[in-house]
Amino acid sequence: MSNDFAQFQDAFFDEVAEHLAVVEEGLLALEQQPDDRDLLNKIFRSAHSIKGGAGMFGFTAVAQFTHKMETLLDLLRNGQKVVTPVVADLLLKSTDCLKTLIDATKSGASVDDEAVQRLTAELAAESDLKAQAKVERGPSESSSTPSLTSTSTTTFVIDWTPPEWLFRRGLDPLQIMRELRVLGTLGEIVMDQSRLPELTAIDPETCYLSWRMQLTTAKDLKAIEKVFEFVREDSKLSIEEVRGKESGVKSDGASDSTQPLTPHADEGERPKPLGTILVESGVVSPAVLDHALAQQKKVGEILVEQKAVTPQQLEQALQKQKQESSAQAKKTDTASIRVDTGKIDKLINLVGELVITQSMLSDLGSRFEMRQLPVLLERVAQLERNTREIQERVMGIRMLPIGTAFSRFPRLVRDLSAKAGKKIQLVLAGEETELDKTVIESIGDPLTHLVRNSADHGLEPPEERLDNNKPEVGTIRLNAFHEGGNICITVEDDGRGLHRDKILAKAVKQGLIGENDKLADDQIWPLIFKPGFSTAEKITDVSGRGVGMDVVKRNIESLGGTVSIKTATGKGTTFTLKLPLTLAIIEGMTVRVGKETYIVPLLSILESIQPKEGWVKTVVGKGELMNVRGTYLPLIRLYDVFGLEPEYRTPTDAILLILETEGERVAVMVDEILGQQQVVIKSMEQNFRKVEGIAGATILGDGTVGFILDVRGVLEIARRGVPVAA
Amino acid sequence: MGKTALVVDDSRTMRQMVSFTLTNAGFTVIEAEDGKDAVKKVAGGPKMDIVVTDLNMPEMDGITLIKELRKMSAFQFTPILMLTTESAMDKKQEGKAAGATGWIVKPFNPDVLLKTIAKVMPA
Ligand SMILES: [Mg+2]
C-alpha cells in the first residue's frame with residue numbers, strides 16, 4: 001500500500017525545487033544579517049520539509065543528507081552556534097550537493113559519493129558542539145580521512161520488552177529503532193519471540209515481542225533513554241554500556257548514502273559491503289581498505305583486458321549509458337508543470353461557454369432559414385471569441401514567472417564577486433513577469449553568460465571605481481517586463497562601458513571589418529556578437545570559459561528573439577533581450593510569393609518598402625545589392641531561394657522586406673504583403689521533414705498551409721546561390 | 001453524515017498526501033498551510049472529527065495551534081494528531097502537554113495513518 005503515495009513524487013520534486021530556492025536565497029541573505037532568527041527558521045523549515053518528504057518516498061540518501069543540514073541549522077536557529085562565513089559556505093556547498101542528490105534521485109543517475117560523504121562529515125563536525133569545545137581547548141586529534149570520522153563512541157546493549165498495549169496506542173517498535181539509528185549506528189538487533197502464543201491464541205493488538213539491540217553512539221545514556229520516553233511506562237528496559245574494545249570507527253550515516261538512489265531503497269536492508277565488515281571487525285584498517293578499493297578495476301576495464309570486448313565497443317557502450325541517463329534526466333525535466341487552480345477553473349468555465357455556443361449553433365443549423373443569418377453571424381463571432389480566449393488561456397498555463405530563471409543569480413554573483421575580487425550588488429526587478437516555461441528554461445544560460453560578462457568585464461575593480469568617483473560597489477541589474485507581445489529582459493551594469501577603439505582594433509585584426517571602414521557606434525557594438533570575437537585579453541575562469549557572446553546571440557535568436565546593446569563609456573552597458581512570450585505562437589507578417597504564402601517572424605522585420613528605379617546594383621562577387629537610403633543591402637529574391645514562379649521579377653513591381661538576423665541586414669523581395677497575424681507553429685520535422693530555410697508551418701485561416709521563414713537559413717541559401725530542392 | 005478532518009501542514013506535498021488518504025477513507029477534508037490559516041478556517045465554522053497537524057510551520061506552529069484549538073469549545077474533545085519526525089522527541093511531549101491526543105511519525109504510510117486515526121477517534 002505504501003506505493004499509494006508514489007503519484008505525489010512529481011509534486012514533491014516541484015516543492016523541493018521551491019524549498020531549495022528558499023534555502024539558497026536565505027543562506028545568501030544570511031551572510032548580510034547573520035543573526036536573523038526568522039530567516040534561520042525559514043531555512044530550517046524548508047530543509048525540514050525536504051527531509052520529511054524524502055522520507056515519505058523512501059529517498060533515503062536525500063533524507064539523511066538533509067537531516068545533517070537540518071541538525072546544523074537547528075543549532076544556528078537556537079543560537080547554540082553562530083553563523084560564520086565558514087558555516088554559511090559549508091551550508092551553501094551542502095545545498096549544491098543536495099541539489100545533485102535530488103537530481104540523481106529524479107533521474108536515477110549516480111552521484112559523487114565522495115562529495116556527499118565529505119560534506120556529511122563536515123556537517124557532522126560543525127554540529128558536534130562538544131568536539132568543537134575540545135578543539136578550542138587543545139590541539140585537534142581529528143582524523144584526516146574525512147569519510148571515517150573517529151569520535152569517542154560507546155556501544156550500548158539495549159534490552160527492551162515493550163508494554164503489551166504498544167500497538168493499541170498506535171506505536172510502532174520500528175519507529176523506536178529508527179530513532180535509535182539517528183543517535184548512532186544500530187548494530188545487531190535480535191528479536192525474542194518466545195512469549196508468542198499459539199496462532200489461535202494470538203490477540204493481534206497485543207505485543208508479545210521483545211528486542212535486544214546494539215547501539216554504537218557518541219551520545220550518552222540520557223539521550224538513549226529519551227527515545228523510550230513515551231513507552232517507558234510498563235516497558236522493561238535495560239541499557240548497558242559494553243566495556244572492553246571500543247569500536248572507534250563510525251561511518252556516520254555516510255555508508256547509507258552509497259546505496260543506489262532508487263525509490264524505496266530501504267525495502268530490505270542491503271548487506272554490508274565486505275570492506276565495511278572487515279574494518280568493523282578490526283581485520284583491516286580503513287586506510288588499507290581505501291587503498292584496496294582504489295585499485296579495484298571497473299568491469300569494463302576487466303572485460304577489455306580479457307579481450308571479451310574491444311575498447312571501441314566499451315567506449316560505445318559507455319557513450320550509450322551516458323546518453324540514456326541524460327535522456328532520462330531530460331524527460332523528467334519537462335515532465336510536469338504546476339498550474340494555479342484558478343487558471344484551470346477559468347479554463348473549465350470557458351470550455352463550458354464554448355459548449356453552449358456550439359450547441360446553439362447546431363440547434364440553429366438543424367432548422368436554419370435565411371432570415372436568421374444575422375443570428376448565425378453573431379453566434380459565429382461568439383465562437384471566435386470563445387476560441388481566442390481559450391487559446392490565450394491555454395497558452396497561459398505554460399506561463400511561469402521569470403523569477404525562477406533569476407533565482408540562480410544571487411548565488412552566481414556572490415561567487416563571481418568573490419573570485420574576481422570585486423564588490424558587486426545584484427538588483428532584480430520584474431521577477432513576477434510571466435513567460436513560457438520552455439523560454440524560461442532556455443534563457444538561463446544566455447542570461448548567465450551576460451551576467452558573468454558584466455561581472456567580469458563590465459564592472460571595474462573597487463580601486464578603479466573609487467578613482468573614477470564611482471561608488472565602490474558595482475551594480476548589476478536584471479529586469480524583466482512585457483512590451484507589446486514580447487518580453488524584454490535587460491542586463492545592466494554601471495561599469496566601464498564598451499571600449500569603441502578596442503573593439504574596432506580587434507575587429508580589424510579578426511578581419512571582421514576593413515581598416516578604413518567608417519562605422520557608426522550602433523554598428524560597432526554588435527561586432528562583439530561575431531563568432532570568435534572577444535576583447536578580453538585572457539579568458540578567465542569566471543568569464544565563461546571561452547564561450548563567446550556569439551553563442552548568447554545565437555541562443556536568443558534560436559528562440560526567435562533579439563539582443564541589443566546600449567553602452568556609455570565610463571557609465572555602463574545594458575544588454576536588452578527581446579523574446580517572444582511563447583515558442584508555440586509567433587507574431588508574423590504573411591507574405592505571398594507566386595501562389596505560396598510565407599510567414600516572416602515580425603521580430604526580424606525592420607521595415608517594408610517599395611523599391612525605386614535604380615536601387616539595384618550588381619557587384620561582382622557580391623551578387624545583387626539594394627541601395628536603401630544610402631546603405632547597400634544584399635538583395636534576396638525569395639522565389640529564387642525556394643525555386644518558385646513569382647508574379648513579379650522586376651524589383652520596382654515587388655515589395656522589399658528589410659530583415660535583420662544576427663546583426664546582418666538583408667532585403668528580401670516578395671510579391672505582396674497580406675497582413676499581420678499570430679500563427680501557431682507546427683513543427684516541420686515532426687509532421688514532415690526538416691526543410692532548409694523553413695522554421696515551421698502553420699494552418700492559415702482559409703485552411704491552407706503557410707510556411708514560417710527561417711531568416712538565417714534563407715540568408716545562407718541565398719549566399720550559396722542554389723535554390724532548395726522542393 | 002460523513003466525517004470531517006482538518007489537515008495542517010506547510011509542506012504542500014505532505015498536505016496533499018494526508019488529504020488524499022483521508023478523502024479516500026471517506027473524510028471531508030479542510031486543508032490549511034499553517035496554524036494561523038487553520039485557526040482562520042475553523043473559527044466559528046465547521047466542527048471537525050479529527051485534526052492532523054504538522055509541528056514545524058511558519059506563522060503559527062503546531063504546538064501553538066493545538067493550544068489555540070483546545071481553547072475553542074468546538075475542539076475541546078476533538079482528537080488531534082501531530083505529524084512529527086523521529087528526531088523530534090521532545091516536541092512530542094510538548095505537544096502532549098499542549099493537548100495533542102497522539103502522534104504519527106514521518107515517514108508513514110497510508111495504512112498507519114488511517115489506523116492511528118481510527119484508534120483515536122471515538123467509535
Ligand atoms: Mg513543516
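Which residue in strand 13 of chain A does A:V563 stand opposite?

What we have here is a predicted model, where local features need pLDDT of at least 70, side-chain atom pairs count only at pLDDT 80 or more, and totals for chains, interfaces and linings use all residues. Residues are numbered from 1 along each chain as its sequence is written, while chains are lettered from A and ligands numbered from 1 in the order in which they are written.

Let's begin with chain A. Its secondary structure comes to 24 helices and 24 strands; these are DSSP runs, with helices being H or I of at least four residues and strands E of at least two, numbered from the N terminus. Of its 726 residues, 29% count as buried. Buried is used here for 20 or more other C-beta atoms within 10 Å of a residue's own, exposed for 12 or fewer, and partly exposed for in between, with C-beta atoms placed from the backbone. Among contacts in chain A with a separation of 6 or more, 69% are between residues 24 or more positions apart. A contact has the C-beta atoms of two residues, placed from the backbone, within 7 Å.

Now to the sheet. Five strands of chain A form an open sheet in the order 8-10-11-13-12, with mixed pairing; strands pair if DSSP finds at least two bridges between them. Strand 8 (424-429) and strand 12 (562-568) of chain A each have a single partner strand, so they stand at the edges with one side lacking a neighbour in the sheet. From one strand to the next, the twist averages 15°. Angles run from 0 to 180 degrees between N-to-C directions, and axes are lines fitted to C-alpha atoms, for helices over the stretch in contact.

Back to my opening question. Strand 12 and strand 13 (residues 572-580) of chain A pair in the antiparallel sense over seven bridges, and A:V563 stands opposite A:L577. Their hairpin has three residues between the strands, and A:G570 takes a positive phi near 80° there. Helix 21 (residues 549-558) of chain A lies across these two strands, at about 135° to strand 12 of chain A.

Next, please turn to where the chains meet. The contact takes 26 residues from chain A and 25 residues from chain B. On the side of chain A, helix 2 gives the most, with nine residues.

That leads us to helix 1 (residues 12-24) of chain B. Why does its length agree with expectation? At 1.5 Å a residue, its 13 residues should span 18 Å, and its end C-alpha atoms are 18 Å apart; the expected span is 1.5 Å times one less than the number of residues. Its buried residues include B:M14, B:M17 and B:L22. Among the elements that the buried residues of this helix pack against are helix 1 (9-32) and helix 2 (37-56) of chain A, along with helix 5 (110-120) of chain B. Just after helix 1 of chain B, B:G26 takes a positive phi of about 95°.

Finally, B:P110 sits in helix 5 of chain B. B:P110 is partly exposed because 19 other C-beta atoms lie within 10 Å. The C-alpha atoms of B:P110 and B:M17 are separated by 8.5 Å, though the two are 93 residues apart along the chain.
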